Amino acid sequence: MATQPHSRKRVCYYYDSDIGNYYYGQGHPMKPHRIRMTHNLLLNYGLYRKMEIYRPHKATAEEMTKFHSDDYIRFLRSIRPDNMAEYNKQMQRFNVGEDCPVFDGLYEFCQLSAGGSVAAAVKLNKQASEICINWGGGLHHAKKSEASGFCYVNDIVLGILELLKYHQRVLYIDIDVHHGDGVEEAFYTTDRVMTVSFHKYGEYFPGTGDLRDIGAGKGKYYAVNIPLRDGMDDEAYESIFVPIISKVMETFQPSAVVLQCGADSLTGDRLGCFNLTVKGHGKCVEFVKKYNLPFMMVGGGGYTIRNVSRAWTYETSVALGVEIANELPYNDYFEYFGPDFKLHISPSNMANQNTPEYLEKIKTRLFENLRMLPHAPGVQVQTIPDDAINEESDNEDKVDKDERLPQKDLDKRIAPENEFSDSEDEGEGGRRDNRSYKGRKRPRMEKTTENKEPEEKPKEEVKLEKSEESSKTNSDDTTTDTG
Amino acid sequence: MTANMYRVGDYVYFETSSTSPYQIRRIEELNKTPSGNVEAKVMCFYRRRDLPPQLIQLADKHQCALDETNGSPTSESVLSNEQLGPKQRHQMKHRELFLSRQVETLPATHIRGKCSVTLLNETEALCSYLNKDDMFFYCLVYDPTQKTLLADKGEIRVGSRYQCDVPPLLKDGESDNRDLTETETLVWTPNHNLNDRQIDQVLVVSRSVGTFARALDCSSSVKQPSLHMSAAAASRDITLFHAMDTLHRHDYDLASAMCSLVPSSGPVLCRDEMEEWSASEANLFEEALDKYGKDFNDIRHDFLPWKTLKNIIEYYYMWKTTDRYVQQKRVKAVEAESKLKQVYIPNYNKTNPAALNNNKGVLNGNSNGTGTDPAVSLGGKACESCNTSTCTQWYAWGPSHMQCRLCQQCWSYWKKYGGLKIPTRFGDGMDFEGGIKKRSGSDVEDDKGMGHRPHRCNIGGCGKEFKLKAHLGRHYATAHGIAVRAGSPRPVMKTRTAFYLLTTALTRLSRRLCRHIMRPRHAARAPSFAINIQAVKQECAAQMVNKSQQELKQLMLYRKRNRGSVTAIASKLGHTGPPTPQWLILTDKTFLPQPEVVAFPKPPKGPDGSLLYERVPNKPEAEKIPLNNTSPSLKRRTYEDMNGIDSSSLHAPTAKRLAKDPSSSALTSLPAPTAIPISRHHASTVPPIMAGAAPLGSVPMSVPPSAVDQYQAMMAVAAASQTQLPPGLMGGPVAPRQVAQVNGKPKIAQMTRSGSGRKQFVNWMDAPDDLYFKATENSKKIRRQISSVELRRAARKPWRFLKTKLDDLTQVVVLD
């Protein structure tokens with residue numbers, strides 16, 4: 001599948017001005033406010049005016065139950081901080097409480113997040129847009145009837161389900177530092193969705209995402225997991241992202257792509273442990289965009305909110321194919337970006353535990369798996385241009401189409417074919433981000449996994465028995481074992 | 001520099017005991033304690049040797065199972081596994097760790113270097129770990145409290161309860177009847193005929209309108225007295241968003257959009273929460289934030305009920321951009337200063353107590369006088385691991401009776417990887433106390449606290465540390481022959497494996513012939529010194545050549561020596577009332593010489609009650625300064641009384657000699673009947689313990705605490721009665737000794753003088769652990785039965801056997 005140079009795309013952006021006012025609770029690292037910060041940056045960078053801005057409608061319970069179980073959605077709809085006590089049992093069952101707290105407007109928040117992704121998918125289906133962005137979405141941990149990792153409703157799955165109506169094969173890519181387990185699980189047994197997740201693996205939430213997890217049944221080889229270690233930097237990330245995505249595109253040949261842009265893989269994230277810069281993170285967007293497939297970008301993790309809004313602003317500009325200045329424009333939350341007030345951030349000096357050999361070995365193994373895929377017929381990709389015009393007319397009625405734009409303006413809309421300059425001043429600022437927050441939050445996530453009921457506990461139990469009445473055999477064992 | 005900089009998240013070696021291997025930990029937090037030390041909160045990794053043997057077998061099984069289930073894709077790793085030789089397999093075991101969720105706090109000064117721990121990935125060849133130093137891997141999680149192993153692996157579940165129903169692909173021309181108007185509302189489109197400049201102009205106009213509106217608005221003019229402030233307020237994002245929305249609503253028609261900014265009701269005024277809130281509301285909010293933290297529900301409920309929660313949250317995020325927040329943050333930053341990101345720990349280069357003194361070896365070697373190979377002459381054994389016999393620095397390793405040692409290289413390998421490079425007769429290099437595994441359930445609780453404070457053997461000079469109390473108990477039993485009970489009725493004593501020493505004719509012969517090398521008496525007294533076997537062999541062979549068969553036979557004959565009958569000796573030994581040794585008879589007080597000089601007068605007290613120590617100047621005139629006389633009001637009366645300070649005698653230069661006074665060492669190593677000033681009726685059991693402890697403790701120079709105690713007691717008595725100990729006891733010319741007074745308790749002099757003339761203090765950390773006697777119901781009962789006369793006598797002569805009706809209570813309880 002050939003990639004093309006950047007061209008200016010029709011970009012649709014989904015945002016509800018209420019989203020920033022949902023609050024997970026004191027001390028909770030997930031802050032929907034980061035979406036508002038991104039939005040304000042977009043306005044002041046002048047990116048706002050270059051794309052179609054939509055306010056998504058709230059997803060209905062009916063829409064959400066396309067994936068989620070009825071009783072789970074019913075539960076989400078009815079639970080409130082003031083009636084929590086009545087739902088004790090269900091809260092346990094649905095894993096709502098600790099990591100995924102009950103907060104005011106929880107259901108509305110889920111509706112907006114899911115509504116954005118569903119609307120984006122419908123938009124792509126109608127071919128009314130080439131790139132759709134929903135920074136309020138990307139909640140990739142949510143399970144069919146279970147909340148997990150700050151996610152309640154899996155907007156990504158809902159969006160992909162929508163896309164699957166018109167697309168034979170949908171590719172899901174996840175660059176969040178956490179494994180995209182909710183999406184992977186939802187499509188674990190289907191060959192129509194390939195989930196590719198790049199994540200930190202090993203003693204890390206959610207504990208899934210082993211290299212050996214490759215899908216099941218019909219979906220075998222359609223789950224691709226890239227387990228990584230601490231300290232991934234831009235260079236290493238690109239060295240694994242580019243070949244794997246290229247290979248996936250080549251063998252799977254999707255007709256639509258969903259990219260989860262979790263920003264907790266950035267350097268200095270409160271919960272993350274990678275060392276990516278905004279540029280390195282944005283490169284993934286840039287690379288996927290080059291395939292010119294219907295492209296949905298969603299948010300996800302990201303807990304150092306100033307960096308999250310930086311990254312997502314930059315990635316919006318990448319989607320638009322517009323270059324933006326490194327100097328941040330003044331906005332309501334300008335002070336958050338001190339002391340340098342720059343868009344780009346510098347990596348920290350943390351060690352990258354992913355050696356080139358390690359990445360190479362992973363890559364080789366994944367290529368072996370991808371070789372097992374039956375060759376996808378290459379028809380699906382061609383169908384898009386045919387009915388594009390018809391579909392477009394349906395949705396373009398808001399725009400006055402009878403009136404031609406002045407030539408001057410049309411000229412402006414021609415994409416300048418300049419690529420992103422990498423030479424832009426990179427080294428400012430120094431490291432402001434505090435990695436020490438990481439440890440504080442992580443045990444909490446682990447704890448919840450451990451609190452689960454034994455049958456739900458996704459742990460491979462090897463041994464439970466206490467070594468109690470063994471004083472006699474002890475010495476024997478020592479000798480036999482160690483000899 | 002960077003190598004010694006330790007950051008949060010680093011994997012490091014920790015040394016908590018000098019003789020056992022390092023512990024591997026990951027730094028989770030670095031905190032500065034009020035005293036200025038740095039404490040590291042660390043996550044524990046366990047070695048194979050730390051695990052109970054059953055779990056190790058389990059881990060091995062798990063590994064095998066993994067290899068099998070993986071079939072073809074993992075063939076590579078299986079293959080590479082098979083390529084490992086037995087030696088590599090052995091070393092591989094040292095590289096495997098087990099993650100635990102256990103967190104402990106250790107002083108950062110115990111860090112001994114960095115290492116790397118990674119989750120084993122099956123694509124990796126195990127050799128890749130062996131080839132690099134300080135690399136470890138883990139694949140299982142160990143729970144030390146539950147004694148379980150888990151694979152740290154989540155699971156993607158399969159079933160209709162977990163997967164979604166994938167909708168069928170619509171046929172060509174078919175539609176899902178989705179209506180975009182149901183899913184979204186357009187707020188802005190770039191498809192209009194305005195250019196960037198025109199949009200900018202609209203934005204400027206809307207700001208201007210906003211400024212004007214603020215000028216007209218009374219409430220605003222109070223808040224923003226200057227035009228600048230009004231303009232700034234009018235430039236906030238809310239005005240801009242409103243302008244964009246207006247433009248969109250008016251179909252990007254500039255004229256109508258601008259007109260709508262100034263409707264008949266007056267210019268449009270867009271205010272966000274930041275501006276909306278009055279100063280008093282802002283104060284209320286800050287007050288509330290102070291009180292409740294960021295619990296906005298409570299804040300709203302108790303402080304700002306007229307605001308909605310959304311108002312408050314929006315305001316909060318804007319308030320964070322203000323100066324007031326920045327100020328607050330600074331305060332917080334100061335508070336958070338105790339949390340460090342990194343810490344610099346210099347290389348540790350104190351010698352390990354296990355390091356063997358080379359001189360001793362040389363001395364031994366020289367004693368044979370035959371000038372053999374220098375390597376051999378370095379004393380006995382070769383390196384337990386690599387078998388080399390030449391090395392610059394040797395380390396004692398293993399149980400002291402085994403006399404094993406390691407060369408420098410193998411020692412650092414042992415410290416880092418917890419095993420020997422090459423498998424030996426000790427199996428996997430199981431450390432000996434480690435080999436004795438935990439036993440009772442009650443130990444599990446102890447387990448949690450381990451690492452914080454190891455259980456230390458407090459028998460004189462031993463000082464070995466153990467993770468578990470039970471291990472210490474075993475150690476007491478095996479190494480010192482003491483039965484220690486820790487409350488549990490189960491016996492901890494386990495008989496040692498019997499061994500049988502076969503003395504061949506040649507052995508016996510060599511004992512006779514090479515007496516000068518073996519020095520049997522010396523060896524009997526100092527069983528911990530190695531005998532140079534090589535030298536003995538050589539000497540024996542050399543001597544045998546010169547002797548006839550007959551002579552040799554003669555040598556081997558056993559000559560009985562008459563030492564009197566056993567019964568006679570036994571009855572003599574068992575005699576309860578031996579004559580009090582002469583040195584124990586107290587000289588009459590009146591005959592005792594008075595101290596002329598006080599060697600180390602106590603320094604004055606500071607206002608906070610601490611002692612003000614000062615550098616002692618070397619110049620004699622400096623010594624004139626009567627430190628303790630400077631603040632007579634602060635001086636303790638008892639001190640003066642006890643030392644009988646005579647300021648006129650302060651000039652006498654006696655202090656320096658004191659430290660070298662042979663009596664001090666002679667005294668402390670007195671093999672005296674111990675007088676532990678503790679529970680009297682148990683005293684009967686004490687002497688055998690201490691008697692056993694002193695020779696068994698492998699460091700003969702150290703002071704058995706019992707002796708110290710006794711000495712203290714004696715000094716106390718002497719001091720209290722204003723007397724001196726008899727000259728005989730002090731050994732030679734009477735040198736007055738000083739008794740420092742600490743908390744009213746007599747204690748051995750705490751200061752010693754080193755060459756630099758600086759006072760040095762025995763750190764309380766180095767003091768031997770406390771030894772307690774636990775008074776049980778029974779013992780209390782017995783005490784009550786003893787007459788007060790008896791009790792007093794027992795206190796005076798604690799070594800004497802105290803007759804009680806219950807003689808079976810022969811247990812010492814060591815607590816900590």
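Okay, a bit of housekeeping. Because this is a predicted model, local features need pLDDT of at least 70 and side-chain atom pairs count only at pLDDT 80 or more, while totals for chains, interfaces and linings use all residues. Residues are numbered from 1 along each chain as its sequence is written, chains are lettered from A and ligands numbered from 1 in the order in which they are written, and side-chain values use heavy atoms, with hydrogens and water left out.

Let's start with chain A and what the record says about it. UniProt, in an unreviewed entry, puts a "binding site" annotation on Asp176(A), His178(A) and Asp264(A). A word of caution: UniProt positions are given in the numbering used here, feature names are shortened, and the annotations may be inferred rather than shown by experiment. Those residues are spread over 89 residues of sequence, but they cluster in space, with a largest C-alpha distance of 8.0 Å. If you want to find Asp176(A), look in the loop between strand 4 (170-174) and helix 7 (181-186) of chain A. When I say helix or strand, I mean DSSP runs numbered from the N terminus: H or I with at least four residues for helices, E with at least two for strands. Is Asp176(A) buried or exposed? It counts as buried, because its relative accessibility is 1%. The cut-offs are under 20% relative accessible area for buried, over 50% for exposed, and partly exposed in between, using a 1.4 Å probe and protein chains only.

The unreviewed UniProt entry also places a "binding site" feature at Asp99(A), Gly149(A) and Tyr303(A). They span 205 residues in sequence, yet no two of their C-alpha atoms are more than 13.7 Å apart, so they gather at one spot. Asp99(A) sits in the loop between helix 4 (88-93) and helix 5 of chain A, and with 4% relative accessibility it is buried. Tyr303(A) is in the loop between strand 8 (295-298) and helix 10 (305-320), and it is buried too, at 7%.

While we're around helix 5 of chain A, which covers residues 106-125, have a look at Asn125(A) in that helix. Asn125(A) is buried, with 5% relative accessibility. How far apart in space are Asn125(A) and Leu163(A)? They are 6.2 Å apart, C-alpha to C-alpha, and 38 residues apart in sequence.

Now, salt bridges. The term here means a side-chain nitrogen of Lys or Arg within 4 Å of a carboxyl oxygen of Asp or Glu. Over all chains, the structure holds 39 of them.

Here's one that crosses between chains. Asp196(B) and Lys50(A) meet through their side chains in a salt bridge, at 3.9 Å from N to O. Asp196(B) belongs to helix 6 (residues 196-216) of chain B, and Lys50(A) to the loop between helix 1 (33-45) and strand 2 (52-56) of chain A. Asp196(B) is partly exposed at 33%, and Lys50(A) is partly exposed at 28%.

Then there's helix 18 of chain B. Lys415(B) forms a salt bridge with Glu15(B), with the closest N and O atoms 2.7 Å apart. That pair links distant parts of the chain, 400 residues apart: Lys415(B) is in helix 18 (residues 408-417), and Glu15(B) is in the loop between strand 2 (11-14) and strand 3 (23-32). Lys415(B) is buried at 2%, and Glu15(B) is buried at 9%.

Lys416(B) has a salt bridge as well, to Asp134(B), at 3.2 Å from N to O. Lys416(B), in helix 18, and Asp134(B), in the loop between helix 4 (127-130) and strand 7 (135-143) of chain B, are 282 residues apart. Here Lys416(B) is partly exposed at 26%, whereas Asp134(B) is buried at 17%. There's also a network: salt bridges that share partners join Glu63(A), Glu162(A), Lys165(A), Asp176(B) and Arg178(B).

Staying in chain B, how many of the eleven residues of helix 14 are buried? Ten of them, in a helix that runs over residues 309-319. Among them are Tyr315(B), Tyr316(B), Tyr317(B) and Trp319(B).

Last stop: the surface. Arg515(B), Arg519(B), Arg521(B), Arg525(B), Arg559(B), Arg561(B) and Arg563(B) form a positive patch. Patch residues have over 30% relative accessible area and no salt bridge, with like charges joined within 9 Å and nonpolar side chains within 5 Å. Arg525(B) is in helix 24 (residues 520-525), and at 63% it counts as exposed.

Terms used: Accessible areas come from the Shrake-Rupley method with a 1.4 Å probe; for residues, only the protein chains shown count as cover. Lys and Arg count as positive and Asp and Glu as negative; His and the chain ends are not counted. The place of a charge is taken as NZ of Lys, CZ of Arg, CG of Asp or CD of Glu.
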